[in-house]
Amino acid sequence: MEQLYLSLLLLFVSLISLSFFFLFYRHNAARSSIANLPPGNMGFPVIGESIEFLSLGWKGHPEKFIYERMAKYSSKVFKTSLFGERTVMVCGAACNKFLFSNENKLVMSWWPDNVNKIFPSSLETNSKVEAKKLRHMLPQFLSAQALQRYIGIMDTVAQRHFALEWENNTSVTVFPLAKRYTFWVACRLFISVDDPMQVEKLLESFNKIAPGIMSVPIDLPGTPFNRAIKASKFIKEKLLKIMRERREELANGTASQTQDILSHMLSSCDENGQYMTENLIADKILGLLIGGHDTASSACTFVVKYLADLPPNIYENVYREQMEIAKSKAPGELLNWEDIQKMKYSWNVACEVMRLAPPLQGAFREAMDDFVFNGFSIPKGWKLYWSASSTHRNPECFAEPEKFDPSRFEGTGPAPYTYVPFGGGPRMCPGKEYARMEILVFMHNLVKRFKWEAIIPDENIFIDPMPVPAKGLPVRLYPHQP
C-alpha cells in the first residue's frame, strides 16, 4: 500500500515539476549565490531527496543516507533537501556538541509540516513559550528523585501485563506487547487511566499515528497520513473527556493535585495567575503519551531481539543479576529504587541495544539567523538534521561499532556527544530517567519468567519512525521451571 502512495506522489511531482521548473530554478539560483554553502545535492524540485531518505528508513538502513554522502562529499556537513526544506545534515560528535550547545541561541526545534498537521497545536498561545513552560514542569514528575515513588506502580503494571499477555503462551509477538506495556505505564502515570480495556482503545488510535509521521503526506481517505490525522483528533477528544471528569474529581476532593501530570497541569497557574486551557493541556498530554511509550516500546522490543540473537552469556549475565534481586524480595514485595540501582549490567545491555538500534533516529533544528559552522555558511531559515547513526555506528566514536559490547558503558562510558539515543543539550529527552526505569522493570519481569528464541531469524527491520521488526518479532517462550 505504501508503494501505491509513493507512486501517486511521484506522478503528482512529474505533472507539476515542468510547470514550476523555472520558478524553482530561479529560486535555487538565488540561493546558490550564498557564499560557501556546504557541499551536497538538493535533489528534485519540491521533493528533493526525501524519497531516498524515507525509503532507506523503510528498508531499515537510515544510516546509509548519511554515510554515503559523507563519503561522497568528504564532509561531515552537507546540504540536501528534505520534505520541501533546504536542509544541512550535521554528522559526528563535534556537530552534535555544536547543535545541542546552541539550542535557542543559533538553532531552535523544528518539525516537518506533516507532523504539524497530525498534531495541530492550539493557537491560543505562543507554542514555543508553552513548550518551555512544559519542560520546566516535567522534572517535577520525570526526574530520578520524583520517579522513585512510581517504580512500584511500574512493577505492578508489568506484573499484570505479563500475567495477561505472556504467561500460559508458547509464543508471542513482542512489539505489539511491548507497546501495550509502555502505553499502559504511561496512561497510569500521566493520566491515572488503569483499566486495560480503556488503555487498549486509546492504543488502537495511537498505533495509527507513527506510520503517518513517516508516510507520504497525502491526505486522502485510507492513506496512512489521513488515518494518523483522524487518530490524533479522536485521542484529543478522549483526553478532553478525561480532563473534564478530572476537574470534577479535583473539585469534590476525590483526586489530588499531585497524583499525576494531568492533575498538576489542571491545578497550576503561571506567574500571572493564568491557567492552561483544556485544549493546550490536551496537546501536551498527547505529546507526553506518545513520547512516553513509542521510544521505550522500541527499546524493549530490541532488548528482546538482541538477547535472543546474542551469545547466551549475555542473557545469562542479565538473568543472574535480575534473579539476585528477585530472590531478595519478600513475597508480593515490589521493586524499588535500590533494586533499580543494582541493575547495572542490565542497563549496560539496554544502552548497547539503543546504540545499535536507537529509538530516536535524529531530529531537525531550524537556523534562527545566518551563521558559519565548520567553515560553511548556514542561512537563516534552513533546517539542520542530526543523526544518531552518524556517531553510534562510527568507528571514530566506537571501536568495532558493529560488535555488541555492553562494557562500552562501564566506568565513564562513551565520550561526550557520541551516544545520543535521547538527544542532548537543553532539548535532551526529559523522560530519559523515566525510560531507564520502564525498560529495566520490563527486563526484570521478562527474564525472571522466560528464556526465548526468535521464530524468524534475521527478521527485517524498518524505520516507522522508530526501528520496528517487520513481523513484530515473534518469539518462542521457554518458562523457567520453579
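**Figure 1. Bridge partners of Val-88 in the sheet.** Val-88 has Leu-384 in strand 8 as its bridge partner. Strands here are DSSP runs of E with at least two residues, and helices are runs of H or I with at least four residues, both numbered from the N terminus. The model is predicted: local features need pLDDT of at least 70, side-chain atom pairs count only at pLDDT 80 or more, and totals for chains, interfaces and linings use all residues. Residues are numbered from 1 along each chain as its sequence is written, and side-chain values use heavy atoms, with hydrogens and water left out. Strand 2 (residues 85–90) and strand 8 (residues 383–387) pair in the parallel sense over four bridges; two strands pair if DSSP finds at least two bridges between them. In strand 2, Val-88 also stands opposite Lys-79.

Figure 2. Strands of a sheet pair through backbone hydrogen bonds, either parallel or antiparallel. In this open sheet, five strands follow the order 1-2-8-5-3, with mixed pairing. Strand 1 (77–82) and strand 3 (107–110) stand at the edges with a single partner strand each, so one side of each has no neighbour in the sheet. On average, neighbouring strands of this sheet are turned by 35° against each other, direction ignored. Helix 4 (residues 93–101) lies across strand 1, strand 2, strand 3, strand 5 (362–367) and strand 8, and runs at about 130° to strand 8. Axes are lines fitted to C-alpha atoms, for helices over the stretch in contact (heavy atoms within 4.5 Å). Angles run from 0 to 180 degrees between N-to-C directions.

**Figure 3. Strand 1 and its hairpin.** Strand 1 and strand 2 pair in the antiparallel sense over six bridges. The two strands form a hairpin with two residues between them, and Phe-83 in the turn has a positive phi of about 55°. Six of the six residues of strand 1 are buried, where buried means under 20% relative accessible area, exposed over 50%, and partly exposed in between (1.4 Å probe, protein chains only). One side of strand 1 carries Val-77, Lys-79 and Ser-81, the other Phe-78, Thr-80 and Leu-82, and both faces are covered.

Figure 4. Rings of Phe, Tyr and Trp (its six-membered ring) pair if their centres lie within 6.5 Å; planes under 30 degrees apart count as stacked, over 60 as edge-to-face and the rest as tilted. The count comes to 22 aromatic pairs. Tyr-181 and Phe-442 form a tilted pair, 5.4 Å centre to centre with 40° between the planes. Tyr-181 lies in helix 10 (residues 174–191) and Phe-442 in helix 21 (residues 432–447), so this pair ties together parts that are 261 residues apart in sequence. Both residues, Tyr-181 and Phe-442, are buried. Elsewhere, ring pairs link Phe-53, Phe-65, Phe-83, Trp-110, Phe-364 and Tyr-385 into a cluster. Lys-383 lies over the face of Trp-110, at 5.0 Å from the ring centre. A charge sits over a ring if NZ of Lys or CZ of Arg is within 6 Å of the ring centre and within 35 degrees of the ring normal.

**Figure 5. Surroundings of Ser-377.** Ser-377 lies in strand 7 (residues 376–378) and is buried, with a relative accessible area of 19%. Leaving aside neighbours within four places in sequence, Ser-377 is in contact with residues including Ile-34, Asn-36 and Phe-371. Pro-38 is 339 residues away along the chain, yet the C-alpha atoms of Ser-377 and Pro-38 are separated by 7.1 Å.
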